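I opened this model to go through its fold and side-chain pairings. These are my notes, in the order I looked things up.

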Amino acid sequence: MNKLFLSVFPVILLAFTVSGCNSTSGNEGSNLAGDEKSSAKIEFLTKETFKQKVWDYEKNQQTWVYEGKLPAIIDFYADWCRPCRMVAPILDELAEDYKGKVVIYKINTQVEKELAAIFKIQSIPSFLYIPVQGQPQMDKGLKDKAAFEKIIAEVLLKNN
């Protein structure tokens, strides 16, 4: 199923890459899911909540059908990843700044390995930008707030 999805699903890599973590193991640093400030504004997705709120890839194997009503950003991260921890407060600010306009989700790649595999996550942080209409776009690497705001304006809110 993953191969079918990947051959049909057009994912565009944006040219905003700065840096990221390529390792897929380790356990240093704090638990992002336990951060009360972050969890109050940003939702952490599991496979099941991803299928309900973003895309039911088991039901719609050959086509992208976005389940959400607002554009979204999904942050693929791991607790041990330093750039992931550095981008977390920026995403918290964006969640507040764009409340009611853009939804921000997080997926822990160490826990949700199937989701990480479907999107071929090899470097973190990686981001999936999902407009309400059209195809989502993948991006990776640490970014500042201005870079995210540019992507939000040009990709997510362009036609809204």
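**Burial cut-off.** I call a residue buried when its relative accessible area is under 20%, exposed when over 50%, and partly exposed in between. The model is a predicted one. I began with Asp139: its relative accessible area is 1%, so it is buried. Its salt-bridge partner is Lys143, with the closest N and O atoms 3.2 Å apart. Lys143 has 4% relative accessible area and is therefore buried too.

**Overall layout.** I found six helices and six strands in the protein. From the N terminus, I read the order as α-β-α-β-α-β-α-β-α-β-β-α. Of the 160 residues, 46% are buried. I also looked at contacts between residues at least 6 apart in sequence: 76% of them join residues at least 24 apart.

**Helix α4.** I checked its length against its residue count. At 1.5 Å a residue, the 16 residues of α4 (residues 82-97) should span 22 Å, and the end C-alpha atoms lie 24 Å apart, which agrees. Where does α4 bend? I located the bend, of about 30°, at Ala88. A proline, Pro89, follows within four residues. Then I listed the buried positions of α4: Pro83, Cys84, Val87, Ala88, Ile90, Leu91, Asp92, Leu94 and Ala95.

**The β5-β6 hairpin.** Strands β5 (residues 126-130) and β6 (residues 137-140) run antiparallel, joined by four bridges. I see Ser126 opposite Lys140 of β6. Six residues separate the two strands of this hairpin. In the turn, Gly134 has a positive phi of about 100°.

**Salt bridges.** How many salt bridges are there? I count ten. I looked at Glu43 and Lys53, whose side chains meet at 2.8 Å, N to O. Glu43 sits in strand β2 (residues 43-44) and Lys53 in helix α3 (residues 47-53), so this pair ties together parts ten residues apart in sequence. Glu43 is partly exposed, at 29% relative accessible area. Lys53 is partly exposed as well, at 30%.

Next I took Glu58 and Lys51, which meet in a salt bridge at 2.6 Å, N to O. Are these two residues buried or exposed? Glu58 is partly exposed, at 36% relative accessibility, whereas Lys51 is buried, at 12%.

**Aromatic pairs.** I count nine aromatic pairs. One of them is Phe44 with Tyr77: the ring centres are 6.1 Å apart and the planes meet at 75°, so I note it as edge-to-face. This pair links distant parts of the chain, Phe44 in strand β2 and Tyr77 in strand β3 (residues 72-77), 33 residues apart. Phe44 is partly exposed, at 22% relative accessibility. Tyr77 is buried, at 1%.

I next checked Phe76 and Phe119. Their pair is tilted, with 5.6 Å from centre to centre and 50° between the planes. Phe76 lies in strand β3 and Phe119 in the loop between α5 and β5, so the pair ties together parts 43 residues apart in sequence. Both residues are buried. Both also belong to one aromatic cluster, with Phe50, Trp55, Tyr57, Trp64 and Tyr66.

**Thr109.** I finished with a loop residue. Thr109 is in the loop between β4 (103-108) and α5 (113-118). At 9% relative accessibility, Thr109 counts as buried. What does Thr109 touch, leaving aside its neighbours within four places in sequence? I listed Phe76, Tyr77, Ala78, Ala116, Ile121 and Ile124.

Note on methods:
Residues are numbered from 1 along each chain as its sequence is written. This is a predicted model: local features need pLDDT of at least 70, side-chain atom pairs count only at pLDDT 80 or more; totals for chains, interfaces and linings use all residues. Side-chain values use heavy atoms; hydrogens and water are left out. The expected span of a helix is 1.5 Å times one less than its number of residues. The bend at a residue is the angle between axes fitted to the seven residues ending there and the seven starting there. Buried means under 20% relative accessible area, exposed over 50%, partly exposed in between (1.4 Å probe, protein chains only). Two strands pair if DSSP finds at least two bridges between them. A salt bridge is a side-chain nitrogen of Lys or Arg within 4 Å of a carboxyl oxygen of Asp or Glu. Contact means heavy atoms within 4.5 Å. Rings of Phe, Tyr and Trp (its six-membered ring) pair if their centres lie within 6.5 Å; planes under 30 degrees apart count as stacked, over 60 as edge-to-face and the rest as tilted.
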